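This report covers a pocket and a helix pair in one protein model.

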Amino acid sequence: MAEILNIFAETMKGLWLDSGLSALFMDFTDGGWKNLVMICVALFCMWLAIAKGFEPLLLLPISFGMLLTNLPYAEMYHPELWTGEIDFGNVLHDGGLLDILYLGVKLQIFPPLIFLGIGCMTDFSPLIANPKSFLLGAAAQAGIFFTFVCAGAIGFDALEAASIAIIGGADGPTAIYVSSKLLSGEGSVSTGNIALAAYTYMALVPVIQPPLMRLFTTKKERAVKMEQLRVVSKTERIIFPIAVTLIISLLVPSAAPLVGMLMFGNLLKESGVAARLVDTAQNALMNIITIFLGVSVGATTQADKIINWSFLGVMALGVVAFSLGTICGILFGKIMYIATKGKVNPLIGSAGVSAVPMAARISQKVGAETDPTNFLLMHAMGPNVAGVIGSAVAAGVLLAVLG
């Protein structure tokens, strides 16, 4: 009987030591508390996605990936496989489920495919009808380069600074694309840090932008009514994605994967002869990639990558980048207001960041607060979709310089 009890006790002890609970509580002072904190953060992010609707399509997969990667002994993601020079053979042989999915991020497959779906859903007609919108979309990217300088000045290395700065483009897939190419996994800043900050601020567009828009514009400027946009022909809509691909890819080749897939998706849509492909790209394919992208990026948010001062720096600089992008767009809108003798409403400049279509809706909302009969949405969509192109070009410039 005593021998049976001893065997039972040893078995229970072994089960306890092999369980994640033992790692959380027995190693509490050695780092177990960080895992507990990250599990709580993951649950909080799930609550934001489900109860508050904060970017649920990506925040929910990211937060669940965060939960999985911070469960002790789950062995689904191995950060040591992604540090230094990556041996993809080892990843396939020794990696867990999340390691395999993360290949799509590290090999820069998922973000361009997301852009393919976005292209299928985007109407560039407002931009084609008012080409000056390109200037507003370009101006809003200035926040990226200002933040790059600021991040370098406070101690981040050039690759980390570029990864942080791209948050200012307010485009999650672009931020993931750039950070996955530049970050080695050895530092305190990870792709998960960047993605979490980027999608946090994208969800907070309605909170961050309106105060800045009111601060940098006058009531008279906000009340400006713009002329109705001209009708864009089908021929123009077909030529546009081809021309943009050629021009940008020749000028900034490193931007070709993102811009090329964005424009390919748009060409499928505007051609009118590939309805099945358009439906697949913007629905089934994009949904699948979104799940894989979110969960695998969430896997990189391990406790030691999040609970440190560097992550606070990423979050602080992220809001600086986004705010500066908004401000630069508004200020350039004011220049256009003066140059056109009051025909351009500066509010549409804030839509130059790549948060489509939320930023354009905020321009409409703030303009309508001043004059309920003022309709700026379509005018704001021009800079907004220009911002998508602009953020991809800015990413290409950073990769060309640093990659």
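## Basis

The model is predicted: local features need pLDDT of at least 70 and side-chain atom pairs count only at pLDDT 80 or more, while totals for chains, interfaces and linings use all residues. Residues are numbered from 1 along each chain as its sequence is written, and side-chain values use heavy atoms, with hydrogens and water left out.

## Largest pocket

The largest pocket holds about 810 Å³ of space. Its lining has 28 residues, and Glu55, Ile118, Met121, Met286 and Val356 are the closest to the centre. Two or more lining residues come from each of helix 4 (56-69), helix 7 (110-121), helix 13 (191-203), helix 18 (275-298), helix 21 (358-370) and helix 22 (377-402). Helix 18 contributes the most, with five residues. By type, the lining has 18 nonpolar, six polar and four charged residues.

## Helices 10 and 11

Helix 10 (residues 142-153) and helix 11 (residues 158-165) have axes that come within 8 Å and cross at roughly 140 degrees. The crossing of helix 10 and helix 11 is right-handed.

On the helix 10 side, the contact (heavy atoms within 4.5 Å) is made by Ile144, Thr147, Phe148, Ala151 and Gly152. Helix 11 supplies Ala158, Ala161, Ala162 and Ala165. The residues of this contact divide into seven nonpolar, two polar and no charged.

## Terms

A pocket is an open set of points on a 1 Å grid over the protein atoms alone, where a 1.4 Å probe fits, with protein on both sides within 12 Å along at least five of seven lines; lining residues have an atom within 4 Å of a point. Helices are DSSP runs (H or I) of at least four residues, numbered from the N terminus. Angles run from 0 to 180 degrees between N-to-C directions of axes fitted to C-alpha atoms over the stretch in contact.

Notes:
Grid points are joined across faces, edges and corners, and a volume is the space filled by probe spheres set on the points. Ala, Val, Leu, Ile, Met, Phe, Trp, Tyr, Cys and Pro count as nonpolar, Asp, Glu, Lys and Arg as charged, and the others, Gly among them, as polar. A crossing is left-handed if the near helix is turned anticlockwise from the far one by less than a right angle, and right-handed if clockwise.
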